[in-house]
Amino acid sequence: MNDFLITETDSPHAAKVLLCFLLEKLNRPVEETQLYEISMRSGVINYFHYTEAMEDLLKNGSVTRQERDKKTYIVLEEKGRLGADYFNDTVPYYFRKQLLAEALRYFARLERESEADIEILPQENGYEVRCMIKDGKLDLMNIGLYAPDTDQAQLLKEKIMLDPLGFYNKVVGYALGLEEQIPEINDI
């Protein structure tokens with residue numbers, strides 16, 4: 001067990017522990033811009049401590065930068081992994097959990113955004129919400145929905161983006177569940 005406990009995340013040391021912890025839990029390289037955005041959105045690490053921590057981690061070899069496809073990735077090295085394991089308990093669970101939760105939300109949002117292209121197009125009497133649902137490189141659905149005003153069009157877009165493939169499944173499920181309507185003949 002470690003001899004000291006950080007009671008807040010307001011230090012470069014805590015930021016280093018948290019960044020190594022996050023990279024270890026994600027278990028994959030993360031784009032440098034993504035790591036920064038996750039850290040800032042989480043509210044757990046401030047800009048100054050993030051900057052100092054990244055500089056120290058890079059300098060001491062705990063993490064490295066790798067260039068791929070014109071993007072810069074941060075990769076956790078063995079030294080960072082060992083440090084994360086040893087010092088994790090020095091940062092309260094609540095802060096580690098909050099940072100990891102933000103990262104999972106962030107990557108889930110990116111996944112949803114890759115599943116759908118949605119645009120709002122003004123029409124003569126309202127708006128068309130043009131929605132293309134994809135699964136990888138396969139276009140599953142291309143549909144236009146009418147909305148009478150910009151607020152409803154935006155709401156449609158937001159709701160579809162919560163679960164694009166779920167939206168597709170519901171539309172297909174509804175269509176497959178339709179049956180031919182046979183009129184009742186009572187007046188003969």
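Predicted model: local features only at pLDDT ≥ 70, side-chain atom pairs only at ≥ 80, totals over all residues.
Ile-45 touches Ala-15, Leu-18, Leu-19, Ser-39, Met-40, Tyr-50 and Leu-99, leaving out residues up to four places away in sequence.

## The cores

Ile-45 belongs to the largest nonpolar core, which has 28 residues. Together with Leu-19 and Leu-35, Ile-45 touches the most other members. Several elements build this core. α1 (12-26), α2 (32-42), α3 (47-59), β3 (71-76) and α5 each supply at least two residues. α1 gives the most, with nine residues. A second core is separate and has 10 residues. Among them are Ala-116, Ile-133, Met-141 and Ala-147. In soluble globular proteins, nonpolar side chains tend to be buried together.

## Helix α1

How many of the 15 residues of α1 are buried? The count is 12, so α1 is mostly covered, with buried meaning under 20% relative accessible area. The buried residues include Pro-12, Ala-14, Val-17, Phe-21 and Glu-24. Leu-19 is also one of the buried residues of α1, and Leu-19 is one of the contacts of Ile-45. From its first C-alpha to its last, α1 reaches 21 Å. That is close to the 21 Å expected at 1.5 Å a residue. Asn-27 follows α1 and has a positive phi, near 55 degrees.

## Helix α6

Helix α6 covers residues 150-162 and has 13 residues. The helix reaches 19 Å from first C-alpha to last, close to the 18 Å expected at 1.5 Å a residue. Its buried residues are Ala-153, Ile-160 and Met-161. They cover an arc of only 100 degrees around the axis, so they sit on the same side of α6. On the other side, Asp-151, Lys-159 and Leu-162 are exposed.

What do the buried residues of α6 pack against? Their partners are α5 (93-115), β4 (116-123), β5 (126-135), β6 (138-147) and α7 (164-177). The N-terminal end of α6 has a cap, Asp-149. A side-chain oxygen of Asp-149 lies 3.1 Å from the backbone nitrogen of Asp-151.

| Residue | Relative accessible area | State |
|---|---|---|
| Cys-20 | 5% | buried |
| Cys-131 | 0% | buried |
| Thr-90 | 0% | buried |
| Asn-88 | 10% | buried |
| Phe-48 | 64% | exposed |

Two of these residues are cysteines, Cys-20 and Cys-131. How many disulfides does a search of the whole structure find? The search finds zero. A disulfide is a covalent bond between the sulfur atoms of two cysteines.

Thr-90 lies in the loop between α4 (78-87) and α5. Is Thr-90 buried or exposed? At 0%, Thr-90 is under the 20% cut-off, so Thr-90 counts as buried. Its side chain reaches the backbone oxygen of Phe-87 at 2.5 Å.

Asn-88 is also in the loop between α4 and α5. Beyond its neighbours within four places in sequence, Asn-88 is in contact with Val-17, Phe-21, Glu-24, Gly-83 and Arg-96. Of these, Val-17, Phe-21 and Glu-24 are among the buried residues of α1.

Phe-48 sits in helix α3. Its relative accessible area of 64% is over the 50% cut-off, so Phe-48 is exposed. Phe-48 and Ser-11 are 37 residues apart along the chain, and their C-alpha atoms are separated by 9.2 Å.

Terms used
Residues numbered from 1 in each chain as written. Heavy atoms only, no water. Helix = DSSP H or I, 4+ residues; strand = E, 2+ residues; numbered from the N terminus. Expected span 1.5 Å × (residues − 1). Buried < 20%, exposed > 50% of the residue type's maximum accessible area, 1.4 Å probe, protein only. Arc of directions from axis to C-beta. Contact = heavy atoms within 4.5 Å. Polar contact = N/O pair within 3.5 Å; in protein donor to acceptor, adjacent residues only side chain to side chain. Core = buried A, V, L, I, M, F, W, Y, C linked by side-chain atoms within 4.5 Å. Disulfide = S-S within 2.5 Å.
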